[in-house]
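The sequence and the structure come first, and my entries follow.

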Amino acid sequence: MSKDNAPHAIDLVALNNYLSTACPSIGHVESAEKFAGGQSNPTFKLTTDNGVYVLRRQPPGKLLKSAHAVDREFRVINALQDSQVPVPKAHHLCEDTSVIGSMFYIMAFVEGEIYWNSALPEIASSDTRGAMYDEMNRVLAALHSVDIESAGLSDYGKPGSYFERQLSRWTKQYRASELEHIEEIESLIHYLEANLPEDDGQVSLVHGDFRLDNMMFNMSDTDKPQVVAVLDWELSTLGHPYADLAYQCMQLRLPSDIAHAAGLGGLDRKQLGIPSEQEYIKAYCERRGIDAISNWTFYLAFSFFRLAAILQGVVKRAHDGNASSEKAMQLGAMVRPLAQIANQTIHQSE
C-alpha cells in the first residue's frame, strides 16, 4: 500500500475474519486498494477470490455528529435497488466499529466512466454530449419520482419546510465558520430570508450533490449513453426536488475556469451540444408532469449560498489546523465569487 493509503489502511485479517461469517458471499479479500480523490468517506477497491467489490468506510477517529453517514448511504442504495435510479448492488453494512476501526459497507464494483468537467472535453460528438445530459436529466426525474413509502424511506428525513430549515441550518453553519465580513454574502442572506417561498408540500428523495462527476456512464453506445451508477449519497435525505435541480443548474452556471468546479459559464453550449438551462428544466418538467417552476431564482440563489457556506466551513477547518491549508484556501477564494454570481442572478431576474 502507498503512503496515501496508510492513514486509512484496512486490516485484511480482521476484515476476512468478520466477513467469513457476516457475509461469506464476498469471498476472501486478497487486497484493498484506496481510490484516489478527496472523498470524505475513504473508498476501496476490494479484490477477492469471488470477484471485485467496493468498500466505503467512515474515516477513523472522532467524527462530527451526522457526518460521514455511511449507514444512510447503504440504506438509500439498498432501497433503490429495484428503482429507475441506477445504483450499485448493496451487499453488507457493518456498524461494528471494532472490526476495522470504523463503520463500513460493501457494494458491487461497477464498470463505467466518470467525467469531471461539465463541458465534457473528452467527448468528440456534440450529439453524445447532449445525450449524456439528457440521461442525467432522466435519472434526476426518476429519483424525484421514487415512491418514498414503498421504498421504505418515509423516515429518511423531516418532511416539509425544507428550504426554511436548510436556510436556517446553513446560515448558522456560515456564521460559525465566518472569518471576515463579506458584503456579498450578507446581501445574499438578506435576499434569501426576504424571499423564502411558502412550502408547497413537495417532498421527494433528494441526492444533495447531484452533478456530473457523481455519475458513472456506460459509453458503449454513444447514441444512448447510460448512467450505470449514481454515487456519493452522503448528503441524501427527504427534501424538495427543486433543490437538486437548482444545485445542478448552479454548477453549470459557474465559470469554466473557477477552481475545482469547471462550469459552463461563458461557454457556447449550443456548439457543445449541451442543453441550455431552460431546455434542461423543460425536459425535467416534462418527465415529471410539471407545467413550470415558480421561485426559480430563489432556488438557484440558495444553491450558491449553500455551496459558499460549505466552502467557508472548509476554510475555517484549515484555519483551525484541521484541513489541508493550501487546497482549503483555494476553495475559500470561491466564497465571495459564488455570492457575486448569486447576486447577479438575482438582479438579472428582477
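Is Glu277 buried or exposed, and what is its relative accessible area? I looked this up in what is a predicted model, and I found that Glu277 is buried, with a relative accessible area of 9%.

Entry on the partner of Glu277. I next looked for what its side chain meets, and I noted a salt bridge between Arg253 and Glu277, at 2.8 Å from N to O. Because Arg253 belongs to helix 6 and Glu277 to helix 8, this pair ties together parts that lie 24 residues apart in sequence.

Entry on helix 6. I then turned to the helix that holds Arg253, and I counted 12 of its 13 residues as buried, so helix 6 is largely enclosed by the rest of the structure. Among the buried residues I listed Pro241, Tyr242, Asp244, Tyr247, Cys249 and Leu252. I also checked its length: at 1.5 Å a residue, the 13 residues of helix 6, which runs over residues 241-253, should span 18 Å, and the end C-alpha atoms are 19 Å apart, which agrees.

Entry on salt bridges. Before going on I reminded myself that side chains of opposite charge can pair when their charged atoms come close. How many salt bridges does a search of the whole structure find? The search gave me 13.

I followed one of them between Asp134 and Arg287, where the closest N and O atoms are 2.9 Å apart. Asp134 sits in helix 3 (residues 126-144) and Arg287 in helix 8 (residues 277-288), so the pair ties together parts that are 153 residues apart in sequence. Asp134 is partly exposed, with a relative accessible area of 36%, and Arg287 is partly exposed as well, at 35%.

I followed another between Arg175 and Glu186, whose closest N and O atoms are 2.8 Å apart. Here Arg175 lies in helix 4 (residues 162-177) and Glu186 in helix 5 (residues 183-194), so the parts tied together are 11 residues apart in sequence. For Arg175 I noted a relative accessible area of 37%, which makes it partly exposed, whereas Glu186, at 18% relative accessibility, counts as buried.

Key. Residues are numbered from 1 along each chain as its sequence is written. This is a predicted model: local features need pLDDT of at least 70, side-chain atom pairs count only at pLDDT 80 or more; totals for chains, interfaces and linings use all residues. Side-chain values use heavy atoms; hydrogens and water are left out. Helices (H or I, at least four residues) and strands (E, at least two) are DSSP runs, numbered from the N terminus. The expected span of a helix is 1.5 Å times one less than its number of residues. Buried means under 20% relative accessible area, exposed over 50%, partly exposed in between (1.4 Å probe, protein chains only). A salt bridge is a side-chain nitrogen of Lys or Arg within 4 Å of a carboxyl oxygen of Asp or Glu.
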